[in-house]
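Welcome! Take a look at the sequence and the model below, and then we will walk through a few of its parts together.

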Amino acid sequence: MVILLLVMYSFSVLFMAMIVSHLGTLEAGDKEENPLIGDLELTYGSMYKVMSLLFRGVTGGDDWAVLAEPVQQISESFYLVFGGYIVFVTFGMMNIVTGYFVDGTMLVSSASREQMVEDALARKCQITEVVCETLHIMDTDGSGAISLDELEQNLNNVTVSESLLALNISSEEVERLFKMLDVSGSGLVPIDDLVAAFLRIMAPVKSLDIAVILAQIKELSNYVGELKQSVMADRVH
């Protein structure tokens, strides 16, 4: 906006100088008889009037060709200067102003994306911290792994219950998760494995995850089918 005002001010000074120069070439009698003098006084009589006129011309408040008629009667070169001002401001200054606002919008958008990433990372760190603290409370012997007995004893712990409630995970889900991870049946699961499993089940389910599961089920089904055919063939022979 400041640049636009400076441009309008510069052209206003130019038009005022051109008109004063023209009036200086007229005789006193010509000034009194010439009706153009009244039009120039009305539209270009002061710096404020000229700047207001130029502003209306470039913003569509008035038709710039009509506003330029008084100077066109003085000289066609004055009219061309006025037209040059319109072209310069419309296609030059307005593009600069538009670019400025577009850049500002892009910066705000970029800042918003960065803030979203920071918020997501902060939330993940916070969840990881709560999960780790909860599991270490369950690890009463400090072995770095949780036994089934430790799990069952601590599920009724007030701090553990509150943490699970904050994580939106029930005690039954924790028990099922523990048994699923205890593949060897030893009744002992490392804390790191439990943390990773907690984070996985708390993450939102994606279409890709479902597609991978379906593909694995199909692969397993094909394997079982081939195994069944192999067993049946061995029986025949």
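## Order of the elements

Read along the sequence, the chain runs α-α-α-α-α-α-α-β-α-α-α-β-α-α, with twelve helices and two strands. Here helices (H or I, at least four residues) and strands (E, at least two) are DSSP runs, numbered from the N terminus.

This is a predicted model, where local features need pLDDT of at least 70, side-chain atom pairs count only at pLDDT 80 or more, and totals for chains, interfaces and linings use all residues. Residues are numbered from 1 along each chain as its sequence is written, and side-chain values use heavy atoms, with hydrogens and water left out.

Which residues of helix α10 are buried? In this helix (residues 171-181) they are Val174, Leu177 and Phe178; buried means under 20% relative accessible area, exposed over 50%, partly exposed in between (1.4 Å probe, protein chains only). Seen down the axis of α10, these residues fall within an arc of 100 degrees, so they line one face of the helix. That arc is taken from the directions from the helix axis to the C-beta atoms.

The face turned away from the buried side of α10 carries the exposed Arg176, Lys179 and Met180.

## Where α1 meets α4

Helix α1 (residues 2-24) packs against helix α4 (residues 47-59) at an angle of about 120 degrees, their axes 9 Å apart. Axes are lines fitted to C-alpha atoms, for helices over the stretch in contact (heavy atoms within 4.5 Å), and angles run from 0 to 180 degrees between N-to-C directions.

Among the residues in this contact are Leu5 and Phe15 of α1 and Met51 and Phe55 of α4.
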